[in-house]
Amino acid sequence: EQIQRMVEDSDYLVFTWVCCETEKDLYLMPWHGIMAKVDEYCKRNGLDVESPTDILLRQNASDVQFFMTRFEILTESVFRYLTKYFRDRKILLFIDDIQWMDPSSIQLLNNTLFHLRDCPIFIVAASRLEVVKEIEDLRVSLMREALIKEVKLKRFTLEETRELIEVQAQELLGDPENLDKIYEYTDGNALFLTELLKTMKDNDGGMVPENPLTSRMVSIIQSRLMKLTEQEHTLLSVMSVFYHAVTIEDIQILYPEPELKIYDLLEHLLERQIIYEDVGTAAITYHFTHILIHNYVQSKISAGRKQIYHRQVAGYYEQKYKETGDITLMPELIYHFENANDMYKKYEYKLEYFKEFFSGTQEIYPAMSLSFTDKFFFPDLDSSENVLIPLAEEIRALPNRDQRYQELRMKVEYLIGRYDLSSGDYQYGLRNMNACIEAAKILKNSRYLMDSYLQMIYYAIQVYDLDMMKEYIMYCSELLEEY
């Protein structure tokens with residue numbers, strides 16, 4: 001569209017056509033449309049030029065070139081006639097979304113460029129990144145003859161996005177977080193970026209909307225997914241359940257099909273540029289090409305099915321965690337149990353996660369190396385208070401007061417008590433730790449009872465209370481003998 005506006009006032013004769021996916025199977029539809037526009041242009045401007053239909057009707061059998069269809073002859077004859085009539089003007093054809101051309105139209109485009117290479121005719125054709133064999137064959141043959149120049153449009157970088165916003169809607173940069181949010185949602189995609197900026201400018205507050213998908217964005221995404229099979233739709237739904245890139249192993253949790261069958265489906269999705277493949281050192285992973293496609297696919301899963309999906313994935317990772325003790329699985333457990341609406345399990349693993357992490361900063365002898373803490377998922381773990389206090393409030397607000405609730409209270413009292421003791425707030429630290437000890441005795445939880453005793457020994461060392469230290473060392477010995 002931008003190129004077309006640039007040449008509107010030039011000496012070019014411009015004819016355009018936009019291919020549609022719904023017309024992909026219509027024979028020579030783009031060329032019928034272009035020929036109709038040529039005919040219309042001639043009539044509208046009172047030009048004494050034979051119409052394409054007239055040219056076709058007067059073709060003699062002797063004029064038919066070998067291996068050329070009558071429509072190819074028509075196309076070549078029309079453009080040769082026009083370039084002869086408009087000697088001082090050039091013809092420019094804009095054809096958009098040629099990946100949706102029917103095979104005969106693609107072949108005709110190829111032949112037109114070959115046969116009319118000596119005529120002042122230029123074609124600007126745009127194609128999406130989808131892998132279409134006919135388009136690839138066209139590109140290769142024309143590149144070999146140096147008849148085309150290929151320009152690949154990349155997504156905007158973060159800096160280019162900032163520059164674009166400065167030009168179109170500088171006021172949106174007033175909030176320093178807006179740029180990062182805009183880029184996260186659009187990933188530099190020109191269409192999505194333009195649509196989101198338009199939506200934000202219409203919003204009085206200039207805020208990034210909770211649901212940034214506009215009707216035009218949805219239409220674009222729907223057109224990308226329109227021709228997928230039911231199995232491919234199912235596979236995308238399964239992939240959208242995860243918040244990160246997925247492996248074959250992840251997919252098979254919810255889609256237990258043979259690997260080769262899954263790869264067949266993945267390869268077609270790769271060709272359609274709906275997902276992309278990342279060959280890493282540990283495993284091959286698959287990502288959605290855009291976060292908005294991920295969000296759209298996920299939004300189309302019913303609430304019940306989505307909850308079942310998350311419950312199954314959470315169960316799989318829980319079993320894996322019990323077998324391996326791999327703490328890096330905990331973010332998966334927390335995320336999927338939360339979305340499965342199992343809040344007790346969510347808090348259970350969140351507390352376990354924080355207990356392990358803060359062992360590296362709130363003990364006399366840190367339990368983890370810095371390289372290991374880099375694997376942790378939560379960004380605010382530099383401050384215990386930032387995460388522990390809100391977490392304790394959430395747990396205290398749970399409606400039930402059954403044994404599961406008491407276990408959560410025991411764990412959160414331990415974490416807050418340990419934090420208070422390590423930061424020197426001994427009054428609150430001792431109160432919380434004693435509450436944890438009482439709860440652990442009632443629940444017969446020897447692990448937390450031992451951990452709490454060790455914290456009391458840690459406190460006794462800090463304040464040089466030898467009697468208290470001996471007392472809790474004795475408690476530890478008795479507990480070891482008992483269990």
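1. Basis. The model is predicted, so local features need pLDDT of at least 70 and side-chain atom pairs count only at pLDDT 80 or more, while totals for chains, interfaces and linings use all residues. Residues are numbered from 1 along each chain as its sequence is written, and side-chain values use heavy atoms, with hydrogens and water left out.

2. Helices α2 and α5. Helix α2 covers residues 29–44 and helix α5 covers residues 103–115; their axes come within 8 Å and cross at roughly 55°. (Helices are DSSP runs of H or I of at least four residues, strands are runs of E of at least two, and both are numbered from the N terminus. Axes are lines fitted to C-alpha atoms, for helices over the stretch in contact, with angles from 0 to 180 degrees between N-to-C directions. Angles under 35 degrees count as roughly parallel, over 145 as roughly antiparallel, 65 to 115 as roughly perpendicular, and the rest as oblique.) From α2, the contact is made by Met 29, Pro 30 and Trp 31; from α5, by Ser 105, Leu 108, Leu 109 and Thr 112. Contact means heavy atoms within 4.5 Å. The residues of this contact divide into 5 nonpolar, 2 polar and no charged. Here Ala, Val, Leu, Ile, Met, Phe, Trp, Tyr, Cys and Pro count as nonpolar, Asp, Glu, Lys and Arg as charged, and the others, Gly among them, as polar.

3. Leu 292. This residue is in helix α14 (residues 291–299). Leu 292 is buried, with a relative accessible area of 1%; buried means under 20%, exposed over 50% and partly exposed in between, with a 1.4 Å probe and protein chains only. Leaving aside neighbours within four places in sequence, Leu 292 is in contact with Tyr 185, Phe 192, Pro 212, Leu 213, Met 217 and Ile 221. Of these, Tyr 185 is 107 residues from Leu 292 in sequence, yet the two are 6.7 Å apart in space, C-alpha to C-alpha.

4. Ser 141. Helix α6 (residues 133–144) holds Ser 141, which is buried at a relative accessible area of 13%. Not counting residues up to four places away in sequence, Ser 141 touches Asn 110 and Phe 114. With Asn 110, the side chain of Ser 141 makes a polar contact of 3.1 Å. (A polar contact is a pair of N or O atoms within 3.5 Å; within protein, one must be able to donate a hydrogen and the other to accept it, and residues adjacent in sequence count only if both atoms are side-chain atoms.)

5. The whole structure has 21 salt bridges, each a side-chain nitrogen of Lys or Arg within 4 Å of a carboxyl oxygen of Asp or Glu. Side chains of opposite charge can pair when their charged atoms come close. One of the bridges joins Glu 177 and Lys 181, with the closest N and O atoms 3.7 Å apart. Both residues lie in helix α8 (residues 176–186), 4 residues apart, about one turn of the helix. Glu 177 is partly exposed at 48%, and Lys 181 is partly exposed at 31%. Another bridge joins Glu 413 and Arg 409 at 3.0 Å, N to O. This pair lies in helix α20 (residues 403–422), again 4 residues apart. Glu 413 counts as buried at 7% relative accessibility, whereas Arg 409 counts as partly exposed at 24%.

6. Glu 356 and Arg 447 meet through their side chains in a salt bridge of 3.9 Å, N to O. The pair links distant parts of the chain, 91 residues apart: Glu 356 is in helix α17 (residues 343–358) and Arg 447 in helix α22 (residues 446–463). Glu 356 is partly exposed at 29%, and Arg 447 is partly exposed at 39%. Both belong to a network of salt bridges that links Glu 352, Glu 356, Lys 411 and Arg 447.

7. Positive phi angles. Gln 273 is not a glycine but has a positive phi of about 60°. Gln 273 lies in the loop between α13 (259–271) and β4 (275–279) and counts as partly exposed at 25% relative accessibility. Lys 444, also not a glycine, has a positive phi of about 55°. The loop between α21 (426–443) and α22 contains Lys 444, which counts as exposed at 65% relative accessibility.
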